[in-house]
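User: Please take a close look at a single part of this model. Then set that part beside the rest of the chain.

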Amino acid sequence: MKIFDLKNNIFVLETENTHYVIGVDRHGNNRQIHWGKKCNIDDYFIFGNDWGDENSNHTYLDEMKQECTVFGSTMYRDCVLKATFADGCREINPKFVKGEINGNTLCLTFADKLYSLEYDLNYTLFDNTDIISRNVTVRNTGNEPIILERLKSAEFTLPGVNPYKIKNTNGAWGAEFMQTEDLLDGGSLVFESRKGISGHNNSPYFIAHRSADEKQGDVYFASLAYSGNFKVSATRDLYGITRIILGMNDFDFEYTLKAGECFDTPVVYCGYTNGFGEMSRQMNRFCIENVLPKQFNDKILPVLYNSWEATEFNVNVKHQTELARLAAEMGVELFVMDDGWFGKRNNDRAGLGDWFVNKEKFPNGLDELIQNVNNFGMDFGLWVEPEMVNADSDLFRAHPEWTYHYDTREASELRHQLVLNMTRKDVQEYILNVLDNLLTNHNIKYIKWDMNRPFSETGAENLENPKMLYYLHTKAVYNIVDTLKKRHPDIAIESCASGGGRCDLGALSHYDQAWTSDNTDGIDRMTIQKGYSLLRPTKTMRAWVTDIAGINKPCSLDFRFNIAMQGSLGIGGNLLNYSKEDLEICKRNVAFYKEIRDIVQFGDLYRILDAEEDEILMNQYVTPDKSRSVAFIAARGTRFYKKRIPITFDGLDENKKYKLHLHGEDFEKTGSFLMNVGIPIHVHGAYFNETVVLTEI
């Protein structure tokens with residue numbers, strides 16, 4: 001890992017296996033030179049310094065491969081930066097100022113020739129990975145405000161002129177992370193969120209390739225660490241050049257940069273790898289080491305039980321204690337009480353915002369239940385939804401002005417709730433204080449932070465520029481979470497937004513884990529969890545076993561455990577209705593998960609068979625030293641008789657010998673044999689389910 005300054009304004013960022021090369025031409029334009037496999041450093045130079053305009057409709061700027069396109073002149077394509085100056089000028093004319101290397105970070109500084117706008121292009125390298133972080137810093141060095149109309153985090157130009165396939169998602173609530181793949185042979189593709197959070201639909205990343213698969217092929221990718229409105233725009237022009245820009249969405253966005261202020265865009269993590277599998281493995285390791293909060297990034301996450309499906313809003317000490325007793329007997333380590341414990345919260349129409357204990361349900365306060373849970377040997381966790389308020393609440397009656405609203409418009413109550421104006425200091429202080437008091441006064445070790453609706457009526461009379469609210473709201477959430485974690489370093493916090501609406505790397509820079517989806521159906525989760533695993537760390541993926549035993553096809557309790565154990569295991573069924581046999585199945589599976597969860601949460605993932613393409617799902621996790629592995633095999637119903645296929649493994653040391661138990665038989669085979677020949681299995685039935693542990697001999 002090194003940054004080379006070639007002394008002619010060309011900079012080579014060398015990672016473990018790649019080069020990312022950028023430069024500045026003699027006209028002061030930033031240029032992207034190479035992204036991909038390593039080359040001889042002395043060969044790098046800038047092509048096309050003196051190319052002229054193609055004609056009056058296609059200028060030389062159209063062909064330029066840049067790291068940061070700005071608005072103005074004869075540059076007509078999508079841009080990273082667009083601004084309005086105090087005199088009404090809306091064009092940026094930058095000049096190169098300097099390039100500085102500080103350890104593992106490169107900063108290229110540009111400034112407008114006449115106006116007080118400076119911006120830095122920032123690049124940071126990390127040890128033992130091919131991942132690079134990028135972002136932009138903008139400064140106002142003058143005395144007049146500058147209106148930023150568009151401010152993205154990074155621009156990429158992909159090598160070559162042949163079309164790329166672009167992967168993203170097209171999901172929904174209950175169907176998050178549904179993968180899409182589009183051939184971009186002309187025009188543009190846009191993936192975005194406009195709802196105030198990164199959302200359930202598109203994802204704030206791109207994955208670009210031409211003919212890659214899990215094991216091979218050039219893969220270029222970048223993921224935005226931001227939980228607000230985002231936009232990913234990919235274009236391919238008449239010259240065959242594919243460019244991708246990602247960052248905060250310019251939809252309904254402006255930011256007023258006052259005199260002397262600076263603005264840092266959210267970070268983008270990008271990389272080039274061989275195959276989708278290596279992409280996921282690098283991002284998994286990278287996020288654990290460099291993105292997740294340090295309190296728990298290297299620690300195993302506990303098995304949790306959540307009471308929502310068992311009781312919904314009808315919580316009380318007796319039922320919660322009985323659920324906790326049953327959960328403890330099956331080996332659960334963390335008991336989480338969900339919605340219904342506060343205010344007048346008997347349904348979803350009232351109580352949000354009133355974060356005080358409901359005395360009718362808990363006449364002796366929360367501590368009675370917490371003590372019971374602790375006596376069973378478990379930690380206690382609690383559900384909250386701090387960014388929301390019901391109209392039927394003491395908080396709203398006292399402060400109706402605390403929501404996003406217009407006095408002349410009727411408020412939209414999605415799920416019977418309104419969104420609090422998190423850009424207000426008094427709202428931020430209220431939320432921080434009530435949560436801090438909860439954590440200070442009670443032995444709570446875990447917070448499930450939910451958010452169940454998007455923004456609407458986005459009036460914020462407290463702001464001079466209301467279009468700043470999306471960014472400021474997101475930053476306020478981050479700041480409150482960070483403050484709580486600083487004051488209470490033993491508290492783990494989960495990001496939840498009506499399921500997987502806030503699972504981006506920005507959220508995972510502050511929260512310790514994410515709720516993947518409200519859809520806990522084991523069969524649907526095969527697909528949802530694959531989409532999650534592409535660019536997000538496995539250990540952050542909370543996966544529950546619940547009583548949803550197959551929406552379209554039935555699946556057994558063991559099958560549901562098979563799927564949920566491929567992330568951070570949780571249980572959410574109504575244990576009060578479980579038979580003795582069901583409870584024993586839970587106990588057995590929890591014990592098994594504890595034996596292998598370090599492999600799952602910190603190991604390398606190999607997606608060997610795909611539920612959609614192969615009818616069979618097979619995911620394998622391997623420890624970094626390749627001494628232990630666990631493979632999960634599941635089929636949701638075989639077609640046309642029975643499947644007799646050889647199962648091959650991956651990620652093993654070909655020279656090591658492993659023991660394993662499969663289909664009732666014990667085997668001792670070398671890694672080479674297991675990866676190239678494999679062992680035959682017989683897949684049959686409506687919900688085939690098998691787990692295989694491989695241990696080095």
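Helix α2 is mostly covered, with eleven of its 15 residues buried (buried means under 20% relative accessible area, exposed over 50% and partly exposed in between, with a 1.4 Å probe and protein chains only). The model is predicted, so local features need pLDDT of at least 70 and side-chain atom pairs pLDDT 80 or more, while totals for chains, interfaces and linings use all residues. Residues are numbered from 1 along each chain as its sequence is written, and side-chain values use heavy atoms, without hydrogens or water.

The helix runs over residues 276–290 (helices are DSSP runs of H or I with at least four residues, strands are runs of E with at least two, and both are numbered from the N terminus). At 1.5 Å a residue, α2 should span 21 Å, and its end C-alpha atoms lie 20 Å apart, which agrees (the expected span is 1.5 Å times one less than the number of residues).

Helix α8 covers residues 469–487, and its 19 residues reach 27 Å from first C-alpha to last, close to the 27 Å expected. Among the buried residues of α8 are L469, Y470, Y471, H473 and K485.

R424 is buried because its relative accessible area is 14%. Beyond its neighbours within four places in sequence, R424 is in contact with E401, W402, E461 and N462 (contact means heavy atoms within 4.5 Å). R424 and A460 are 36 residues apart in sequence, yet their C-alpha atoms are 8.6 Å apart in space.

The whole chain gives the setting for these parts. The chain has 13 helices and 38 strands, and buried residues make up 61% of its 697 residues. Among contacts between residues at least 6 apart in sequence, 68% join residues at least 24 apart. The C-alpha trace spans about 80 × 70 × 45 Å along its principal axes. A compact globule of 697 residues would have a radius of gyration near 26 Å, and the chain has 27 Å, which agrees (the radius is taken over C-alpha atoms, and the globule rule is 2.2 Å times the number of residues to the power 0.38).
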